[in-house]
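Subject: Handing over the two-chain model

Hello,

Here is the structure I promised to pass on to you. Please open it beside this message, and then read on for what was found in it.

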Amino acid sequence: MSHHVVEVKDLAFAYPDGTEALRGVSFRITHGECVAVIGGNGAGKSTLLQHLNGYLMPERGDVRVGDFSLTRETAPMVRRSVGMVFQDPDDQLFMPTVFDDVAFGPLNIGLSAGEVEERAMAALERVGMAHLRGRPPYKLSAGEKRAVAIATVLSGLPDVLVMDEPSSNLDPRGRRRLIELLRTFEHTRIIATHDLELVVEICPRVILLDHGQVMADGATVEILGDEALMLRHGLEKPHSLRHRHPH
Amino acid sequence: MMSGGAANFLEVGRMDELARLDSPVHRLDARAQAITTIVFILVVMSFPRYAVSALMPLFVYPVALIAAGNLPVGVLLRKLAVAAPFALFVGIFNPLLDHHVVTRVGSFPVTGGWLSFFSIMVRFLLTVSAALILVSCTGINRLCAGMERMGMPRVFAIQILFLYRYFFVVGDEGLRMKRSVEIRCAGSRKLGFRVYGHLIGQLLLRAMDRAQRIYRAMVARGFDGEIRLMEPTRAGWREAVFVGGWTALFLATRIWNVADGLGGWLTRSGL
């Protein structure tokens, strides 16, 4: 199924204050891949992510998701195939109950009440949070919020999952659950994170950004294992790769 | 990250929680409740300025809905208390300006100023509690969708929806800033105007940022300006009885002074 390809070509973007956040970023992610986008603060990760679901429009270059090249007209279609999980679940959960929040996406597509219910419950069960359906989201723990935020996106049946710092604010057990959950997904996954151990565990491929440009794009073990490269871009070689010797 | 504390302070969740209760009132269509509330407020506002006793029978509406809707009185009273200072300021100068004696209670002369002041407070209690009850029995989403169905322009419905959501967003940010100020000013309460100016500016910027992110999350999930609900709105004979019955009662209290009438009838029949 080649139509779940995410392709970014020579993407450039500057904020109104003149900050050049992206300066010619290109990559191609194919169906079912799990790719980490890493880089220090201000490297351009968030700006890149905001282009992937059409919140920001390319100033130069092209973003292609499936059959659509991103424009104002195609943005609604792109958003339907890209599920975006925000960094702060409090931004993502705005409805009075967990169920309402998960049902929000399917309702907006105009599905019938029965289908909405079905999809919302399937998504909640997928993340193991079906028992929280009637609870108000702001009363949940950070781990539960994160899982519900993921469910709100899953209920829209996206082809591509884009996540911004999915493991932030999670305790070790919550983080472990998240990793196990992400491992089970068959979607194309794009994860922006500073949690390099998580990258080692679930992402075979890494795109390293710095100063709005792709510095490296390739196998996780090679890029994260390259201590000099990592240090140059404000990162560290993850501990789990310190004692591994590639042959 | 946690918004729990602030949410508790403003009790944003409480109103949403109340709206999810199940009661005969909650099961009514939001439109019926909205219309009845609007009629109620119009009737309350239409009373002459010195009316106090004539307004009393109207308390039956909030009391009946609180009882039928199983609403916690404490929560509603706290919200009324938050809004009370505004009403107090509107009416507080009346007793100073209007010294004309209108009636006597025993040997005490009651001036028009005091009477109109009490009238304002009673009206405030009636209208604000009716509005609070409306939101706690329908929930803001259902209410806005209902209003839109009744012909309110969508732009207004969405404005109200966001105003309600963002009100709490701003409160939330404000509370966090208050906390960080308290931590750093080490007990002294003397903060200059300049600091407050900066704080308010900051608050606005932060709240706008956050509102932006929430809006982005909504758009990301296909929000296109239309409020969609799970349960379809439907109005039947229950709604008709609700609107018709209450409207008739409100108009009756407006035309006849029920309290005076009842008092007169009781004294005349020698009870």
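Let me begin with the two domains of chain B: taken over C-alpha atoms, the centres of domain 1 and domain 2 of chain B are 29 Å apart. Domain 1 of chain B takes in 1-138 + 235-265, while domain 2 covers 153-228. Please keep in mind throughout that this is a predicted model.

**The rest of chain B**

Chain B contains 12 helices and two strands. If you follow the sequence, the elements of chain B come in the pattern α-α-α-α-α-α-β-β-α-α-α-α-α-α. The C-alpha trace of chain B spans about 70 × 55 × 30 Å along its principal axes. Chain B has 271 residues, and 29% of them count as buried. Looking at contacts in chain B between residues at least 6 apart in sequence, you will find that 78% join residues at least 24 apart.

Is P153(B) buried or exposed? P153(B) counts as exposed, because it has 10 C-beta neighbours inside 10 Å and the cut-off for exposed is 12 or fewer. From the C-alpha atom of P153(B) to that of T103(B) the separation is 47 Å, with the two residues 50 apart along the chain.

**Two sheets in chain A**

Now to chain A, where four strands make an open sheet in the order β2-β1-β4-β5, with antiparallel pairing. β2 (20-29) and β5 (68-69) of chain A stand at the edges with a single partner strand each, so one side of each has no neighbour in the sheet. Strand β1 (residues 6-14) of chain A is joined to β2(A) by seven bridges, and the two run antiparallel. Within that pairing, L11(A) has V25(A) in β2(A) as its bridge partner.

Another open sheet of chain A has six strands, in the order β6-β7-β8-β3-β9-β10, and here the pairing is mixed. Its edge strands are β6 (82-85) and β10 (213-219) of chain A, each pairing on one side only. From one strand to the next, the twist averages 15°. Inside this sheet, β7 (residues 160-164) and β8 (residues 188-192) of chain A run parallel and are joined by five bridges.

**The cores**

V162(A) also turns up in the largest nonpolar core, which has 76 residues; V162(A), V37(A), V148(A) and A151(A) are those with the most contacts inside it. The element that gives the most to this core is helix α6 (residues 142-154) of chain A, with seven residues. Apart from this core lies another of 41 residues, including L55(B), L76(B), A130(B) and V243(B). As general background, nonpolar side chains tend to be buried together in soluble globular proteins.

Which residues does V162(A) touch, leaving aside its neighbours within four places in sequence? The contacts of V162(A) are L49(A), L52(A), N53(A), V82(A), G83(A), M84(A), V85(A) and I190(A). As for α6(A), it lies across β6 and β7 of chain A and runs at about 165° to β6(A).

**Where the chains meet**

Between the chains, 27 residues of chain A are in contact with 24 residues of chain B. On the side of chain A that touches chain B, at least two residues come from each of α2 (75-81), α3 (89-92), α4 (98-109) and α5 (113-126) of chain A. The largest share of that side comes from α4(A), with six residues. By type, the residues on the side of chain A that touches chain B are 13 nonpolar, eight polar and six charged.

Helix α4(A) deserves a separate look. How many of the residues of α4(A) are buried? The helix is mostly covered, with 11 of its 12 residues buried. Among the buried residues of α4(A) are F99(A), D100(A), D101(A), F104(A) and L107(A). The buried residues of α4(A) pack against α5 and α6 of chain A. After α4(A) comes G110(A), with a positive phi near 90°.

Happy exploring, and best wishes

Note on methods:
Residues numbered from 1 in each chain as written. Chains lettered and ligands numbered in written order. Predicted model: local features only at pLDDT ≥ 70, side-chain atom pairs only at ≥ 80, totals over all residues. Pairing = 2+ DSSP bridges. Core = buried A, V, L, I, M, F, W, Y, C linked by C-beta atoms within 7 Å. Buried ≥ 20, exposed ≤ 12 C-beta atoms within 10 Å, placed from the backbone. Contact = placed C-beta atoms within 7 Å. Nonpolar A, V, L, I, M, F, W, Y, C, P; charged D, E, K, R; others polar. Axes fitted to C-alpha atoms, helices over the stretch in contact; angles between N-to-C directions. Domains from an automatic or database assignment.
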